[in-house]
Amino acid sequence: MTDDVAAARAAAEEKSAFSHPPVDPDATAAYGDDPDHVIDLYAPRGGSGPAPVVVVLHGGAWRTPYDRRHVSPFAAFLAHRGFAVASVEYRRGATRADGGDAVAGRWPDTFDDVAAALDALPGLIRELLPAGDPRRIVLTGHSAGGHLALWAAARHLLPAGSPWRTDAPAPLRGVVALAPIADLEVADKLGVCDGAVRELLGGDDHFAERRPHADPALLLPTGIATTLVQGRADIDVPHAVAEAYADAAAKAGEVVGVTLLPDVGHFPLIDPAADACAIVAEEIAQLAW
C-alpha cells in the first residue's frame with residue numbers, strides 16, 4: 001500500500017469515527033474542582049443485576065481539542081453491550097497562542113487527574129451508578145488514553161516517593177488498551193502524534209528524568225491481566241509501539257495479550273460502525289464477566 005493510499009484510508013476511518021453525534025450520559029459525577037474533573041456515567045442497557053464497569057480514558061494526544069465527547073458513542077456502544085461505563089475527563093495541554101497544535105498534556109496535572117479519578121471511582125459508582133459493580137472493573141483507553149490506562153494500572157510500581165504511587169495493585173479485572181502509546185521511548189523515536197510524547201513529559205529537559213514516572217513500559221510486571229488491541233494498518237500509533245510494550249512485559253516475566261487486526265487503522269477501534277469495535281467489546285467481555 002502506498003503512503004497516499006494509507007493516508008486516505010486513515011482519513012476515511014477518522015471521519016467515520018467522528019461522524020457519530022455525541023451521546024449524553026445518564027449522569028455526570030465530579031471528582032475534583034476543575035471543570036475537567038468529571039466522569040460521565042452510562043448505565044447498562046438490558047440484563048439484570050449489577051454489571052461490570054468499563055472505565056474509558058479517551059485519546060487525542062493528551063491535547064485540549066480532544067475531550068471525552070468524541071468517545072461518547074463508543075461509551076454508549078459498550079452500554080448497549082450490557083456494561084456500565086464510566087468515561088473519564090482529565091486536563092490536557094493548552095492551545096498555543098500562535099494557533100498551532102495544542103501542547104500535549106500538562107505535567108503533573110494530567111497524571112494527577114487520572115489518579116484522582118480512579119481513586120474516586122468506586123465510591124462514585126456506588127452512589128450514582130447502582131447498576132454497576134465496582135468489584136468488576138475493566139480499564140480501557142484509546143491511543144493516549146491507552147497509555148493512561150496502562151499507567152493507571154501500574155501505579156503500585158511507580159518509583160518510591162511518587163505522588164501517584166499506591167501500596168497495592170488496583171482492584172481491576174484487567175486492562176484492554178486500544179492502539180496505546182504504550183512505550184514512550186519507542187513512540188518518541190517514531191515521532192508519534194507530532195512529538196506529543198516528549199511534550200507530555202515537559203520537553204527535552206525533563207524527558208529522561210520523568211519517564212520512569214510515566215512510561216508504562218518501565219512499570220512491569222503489573223500482575224493485572226492486560227490485552228492490547230491494535231490495527232496492523234495504524235499509521236497514527238504504529239503497532240511497533242504495542243509490540244515493544246509486550247516485549248518489555250515478556251522480559252519482566254509477564255504475558256500480555258496482543259490482538260493485531262488486519263486492514264484496520266487507528267480509529268475503527270472506537271467506531272461503533274466498524275467491525276473492530278465489536279472485537280474490542282469481546283476482548284473487554286473476556287476479562288469482565
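User: Is Trp151 buried or exposed?

Analyst: Trp151 is buried, because its relative accessible area is 0%. Buried means under 20% relative accessible area, exposed over 50%, and partly exposed in between, with a 1.4 Å probe and protein chains only. Please note that this is a predicted model, in which local features need pLDDT of at least 70, side-chain atom pairs count only at pLDDT 80 or more, and totals for chains, interfaces and linings use all residues. Residues are numbered from 1 along each chain as its sequence is written, and side-chain values use heavy atoms, with hydrogens and water left out.

User: Which residues of α3 and α4 meet?

Analyst: Thr110, Phe111, Val114, Ala115 and Leu118 of α3 meet His147, Leu148, Trp151 and Ala152 of α4, contact being heavy atoms within 4.5 Å.

User: Which aromatic cluster is formed?

Analyst: A pair of aromatic rings is described by the distance of the centres and the angle of the planes. Rings of Phe, Tyr and Trp (its six-membered ring) pair if their centres lie within 6.5 Å; planes under 30 degrees apart count as stacked, over 60 as edge-to-face and the rest as tilted. In this structure there are eight aromatic pairs. The ring centres of Phe111 and Trp164 are 5.4 Å apart with planes at 35°, so this pair is tilted. It links helix α3 to the loop between α4 and β6 (174-178), across 53 residues. Trp164 is buried at 4% relative accessibility. Trp151 and Trp164 have centres 5.6 Å apart and planes at 75°, so they are edge-to-face. Trp107, Phe111, Trp151 and Trp164 form one aromatic cluster.

User: Where is the cis peptide bond that involves Trp107?

Analyst: The bond from Trp107 to Pro108 is cis, with omega near 5°. Pro108 lies in the loop between β4 (84-88) and α3.

Conventions. Helix = DSSP H or I, 4+ residues; strand = E, 2+ residues; numbered from the N terminus.
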